[in-house]
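Here is a short briefing on one model. Keep the sequence and the coordinates open while you read.

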Amino acid sequence: MISPLRTELVVTDNVPFGQSISGPAGVQRFYALTLERPAWKDWLPGQFIMVRPCDGRSSWARPLTICRVTSQSLVLFFRVNTDDRFASLKSGDRVVVWGPLGTGFEVRPGTSTLLLARGVGIAPFAGYADVHPAPSTLSLLFGHALPSSSYPVDAMAARLEMESMRDRTPEEQEEFNRAVCLKMEEYRARNGICLACGPMPFLKKVWKYALELDLPTQLLLEERMTCGTGACLGCCTLTSKHWPDPVRAGLPVQTCTSGPVFWAREIDLESPMPERNA
Ligand code: FES
C-alpha cells in the first residue's frame, strides 16, 4: 500500500531553461519539471521531495527542492547534466514522489523579509512569493552567472520587489557580496528577517554576517543532501550552542531530517566536525 507521503505522479512538462553550460561535471542545464499536483494538504516553501523516475532502470531517488505548487501542478527547478535521466523526462512519463519533507522557511506576514538567492537557489523563493500573504513586505536580491532568462524569475517579478545582479567575474561577485551585506544591514535596521538559498560558499558568507549583525536569518542547506531520508549520514550539519535541544548542541545533525532550513544562530558552518569517538 502506498503511504500518504509516497505517491506516483504524471509528468506534464519538462522545459530546459537558458543555455547549456560545460564544466568539470559535464554539460549541464537548468530544467523546470512540472508534475501533476499531489494530494497534499499542506507544504512549506523550503521543503523538498524525493523523486524517482518510473523508467524501469532507476532504483534511487533524488532530493529536489520544491519550486512552486499551484492548484494543478508541482514544479521543480534544478540543474543536471543534459544526458541525466531527469533531463530526459517528458510529458506522460511517471515518477514516484515522497514528500513534502523537511523544514520550511518562516513566513511572518507583518515583518520585512529579505530573500537572498544565488543561482539555482532562486527555486524555493518562487513558491515563497506565491504563498506569502503579504508579498509587498518581501524583497529579493538575486545573484546569477547566466542571463536571468535561465531562471524562473518572470512569475516572481510580478509578486515582489526584486533586484537581479550578474556575478560572472570576480569583480561582479564582489559587487554582489557588497550588495548582500548592505541589504542585510538595512533589514537589521528595520527589525526584519532574512532567508537565503544558494551554494555553500554564498551561504557561509550570509551565515557569518547574519551572526555579526544579529539579524534573524534562515539558510536552506539543500546542497548537503543525497538520500534525503536520514540513511546515508552524508549530510551532517554542526549545531551551535543555541540549538533548541541542549543535548544535541554542538553536535552534528542530519540536514535532511533536522533541516534543510536552519536558523543561522542554531548552526555552525565554520568549525570542523567532531571526531566520531571524541
Ligand atoms: S541525505 Fe542521506 S542522511 Fe541526509
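Where does Asp-214 lie? Asp-214 sits in the loop between helix 4 and strand 11. The model is predicted.

- Asp-214 follows helix 4 and has a positive phi, near 60 degrees.
- Asp-214 counts as exposed, because it has 10 C-beta neighbours inside 10 Å, and the cut-off for exposed is 12 or fewer.
- Between Asp-214 and Arg-159 the separation is 55 residues in sequence and 28 Å in space, C-alpha to C-alpha.

**Helix 4**
- Helix 4 covers residues 200-213.
- The helix has 14 residues and spans 20 Å from its first C-alpha to its last. That is close to the 20 Å expected at 1.5 Å a residue.
- Phe-202, Leu-203, Val-206, Trp-207 and Ala-210 are buried in helix 4.
- Viewed down the axis of helix 4, these buried residues fall within an arc of 135 degrees, so they line one face of the helix.
- Pro-201 and Glu-212 are exposed, on the face of helix 4 turned away from its buried side.
- The cover over the buried residues of helix 4 includes helix 3, strand 7, strand 10 and strand 11.
- Helix 4 lies across strand 7 (113-118), strand 10 (193-197) and strand 11 (217-220). It runs at about 165 degrees to strand 11.

**Helix 3 against helix 4**
- Helix 3 spans residues 170-189.
- The axes of helix 3 and helix 4 come within 11 Å and cross at roughly 35 degrees. The crossing is right-handed.
- On the helix 3 side, the residues that meet helix 4 are Asn-177, Val-180, Cys-181, Met-184, Glu-185 and Arg-188.
- On the helix 4 side, Lys-205, Val-206, Tyr-209, Ala-210 and Leu-213 meet helix 3.
- Val-206 and Ala-210 belong to this contact, and both are also buried.

- 6 strands form an open sheet, in the order 9-8-7-10-11-14, with mixed pairing.
- Strand 9 (161-166) and strand 14 (261-263) are the edge strands, and each pairs on one side only.
- From one strand to the next, the twist averages 15 degrees.
- Strand 8 (residues 138-144) and strand 9 run parallel and are joined by 6 bridges. Met-162 in strand 9 is the bridge partner of Leu-140.

- Strand 10 is mostly covered, with 5 of its 5 residues buried.
- Which residues point which way from strand 10? Ile-193, Leu-195 and Cys-197 point one way, Cys-194 and Ala-196 the other, and all are buried.
- Strand 7 and strand 10 run parallel, joined by 5 bridges.
- Strand 10 and strand 11 pair in the parallel sense over 4 bridges.
- Cys-197 in strand 10 has Ala-117 opposite it. Cys-197 also stands opposite Leu-220 in strand 11.

**Recap**
- Helix 4 lies across strands 7, 10 and 11, and its axis crosses that of helix 3 at roughly 35 degrees.

Methods. Residues are numbered from 1 along each chain as its sequence is written. This is a predicted model: local features need pLDDT of at least 70, side-chain atom pairs count only at pLDDT 80 or more; totals for chains, interfaces and linings use all residues. Two strands pair if DSSP finds at least two bridges between them. Helices (H or I, at least four residues) and strands (E, at least two) are DSSP runs, numbered from the N terminus. Axes are lines fitted to C-alpha atoms, for helices over the stretch in contact, and angles run from 0 to 180 degrees between N-to-C directions. Two residues are in contact if their C-beta atoms, placed from the backbone, lie within 7 Å. The expected span of a helix is 1.5 Å times one less than its number of residues. A residue is buried if 20 or more other C-beta atoms lie within 10 Å of its own, exposed if 12 or fewer, and partly exposed in between; C-beta atoms are placed from the backbone. The arc is that of the directions from the helix axis to the C-beta atoms. A crossing is left-handed if the near helix is turned anticlockwise from the far one by less than a right angle, and right-handed if clockwise.
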